[in-house]
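Thank you for making time for this, everyone.

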Amino acid sequence: MKQVLIRTLCWGSILFMSCGKESSREPDKPAEDTSQNNNSNVKLLTRIAEYDKEEPNDSTIIDFYYNANNKLIRTKELSSPGIRFEDDEVLIYRDNNDVVQRLTIMTSHFENNIFTHKDSTVFDLVYDPGSKHYKYGICTNSYKYDDNSDFIRDSLAYTYNDKDQITVLQIFKKDTASGTYFEAERREHDFDAKGNIVKIRTNENYENQGDPLTEEIITYDGKINPLNFGMEGFTLGMYSFSWPTPNNYVKLSDNQPAAYLYTYNDKDYPVLMEYSFGDEGEKSYFY
């Protein structure tokens, strides 16, 4: 069970971009963690606890950490010790203006609840201070399978509208035979007046066969989305730490049997989300 709330709507792939240059500037060290010293009136999400409805002992805890300006700098995932497969830690490196320069995702793997090895994914992002948009990024993956290791480098592309919203995310993969890049995945987003993504068109074209786009409709409540960290968290595909909408999704057109039911506090902030799909389901508590 892996970060259902974060990843369900991130559509399962890393984003890439064909680009001939990389940022050579080293990012600053992660900012000081002030999660427990938030003196502002801003409600900061500090933890999500996810539990399987049928197996309550199958749980995942995700902790969120912030700097002095209430900007996210780290997430730490810990699965239940009895059923441990993977744990993820995300480190977010920001410059002096709190712009994200680099993200590092460390994935710890376990077999029979015993740690075996770590894989890493590093995103280096290039930001335009004039437009306030991310121009492109480089994604570097290091994977280990049995006695073999894979080192993969790809890149990311973003298109914004005049409201500073990402309307197109692209994945470009390098063809190993020809050495040329092709668009392996594409995501197009339509936003409503509130800033919610109400329509998304996607495809997967990893075999470079020109698969058509498919369209999905997303419906929302009118309450506060605790995972809205803005567009900066929406740049990493399946590794995204944000669904950048002011409200919470309650229905996806491609999974009609699914139900997303929320319990809110007196400030319209969700404290519980119950997800059901047939006989399966999870409960997610927000802190």
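Predicted model: local features only at pLDDT ≥ 70, side-chain atom pairs only at ≥ 80, totals over all residues.

Residues are numbered from 1 along each chain as its sequence is written, and side-chain values use heavy atoms, with hydrogens and water left out.

What does Asp 190 form with Arg 201? The two make a salt bridge, with their closest N and O atoms 3.1 Å apart; the term stands for a side-chain nitrogen of Lys or Arg within 4 Å of a carboxyl oxygen of Asp or Glu. Asp 190 belongs to strand E10 and Arg 201 to strand E11, residues 197-204, so this pair ties together parts that are eleven residues apart in sequence. When I say strand, I mean a DSSP run labelled E of at least two residues, numbered from the N terminus, and helices, labelled H or I, need at least four.

Arg 201 is buried, with a relative accessible area of 18%. Arg 201 also meets the side chain of Glu 215 in a salt bridge, at 3.9 Å from N to O. Here Glu 215 sits in strand E12, residues 214-220, and Arg 201 in E11, so the parts tied together are 14 residues apart in sequence. Glu 215, for its part, is partly exposed at a relative accessible area of 43%. If we step back, these residues belong to a network of salt bridges that links Glu 183, Arg 186, Glu 188, Asp 190, Arg 201 and Glu 215, and the structure holds twelve salt bridges.

Let us now follow E10 to its neighbour. Strand E9, residues 166-174, pairs with E10, residues 181-191, in the antiparallel sense over seven bridges, where pairing requires that DSSP finds at least two bridges between the strands. One example to look for is Leu 169, whose bridge partner in E10 is Arg 187. The two strands form a hairpin with six residues between them, and Gly 179 in the turn has a positive phi of about 80 degrees. Is E9 largely enclosed or open? Seven of its nine residues are buried, so E9 is largely enclosed by the rest of the structure.

Next, please find Asp 268, which lies in the loop between E14 and E15. Its side chain meets that of Lys 223 in a salt bridge, at 3.2 Å from N to O. This pair links distant parts of the chain, 45 residues apart, since Lys 223 is in the loop between E12 and strand E13 (249-252). Asp 268 is partly exposed, with a relative accessible area of 33%, and Lys 223 is partly exposed as well, at 26%.

Asp 268 also has a positive phi of about 65 degrees although it is not a glycine. Most residues other than glycine have a negative phi. Asp 164, in the loop between strand E8 (148-160) and E9, likewise has a positive phi, near 65 degrees.

E15 then pairs with E16 in the antiparallel sense over six bridges, and Met 273 has Ser 284 in E16 as its bridge partner. In that hairpin there are two residues between the strands, and Gly 278 takes a positive phi near 65 degrees.

Where does Asp 279 lie? Asp 279 is in the loop between E15 (270-277) and E16 (280-286), and it is exposed, with a relative accessible area of 73%. I will end there, and I am happy to take questions.

Notes
Buried < 20%, exposed > 50% of the residue type's maximum accessible area, 1.4 Å probe, protein only.
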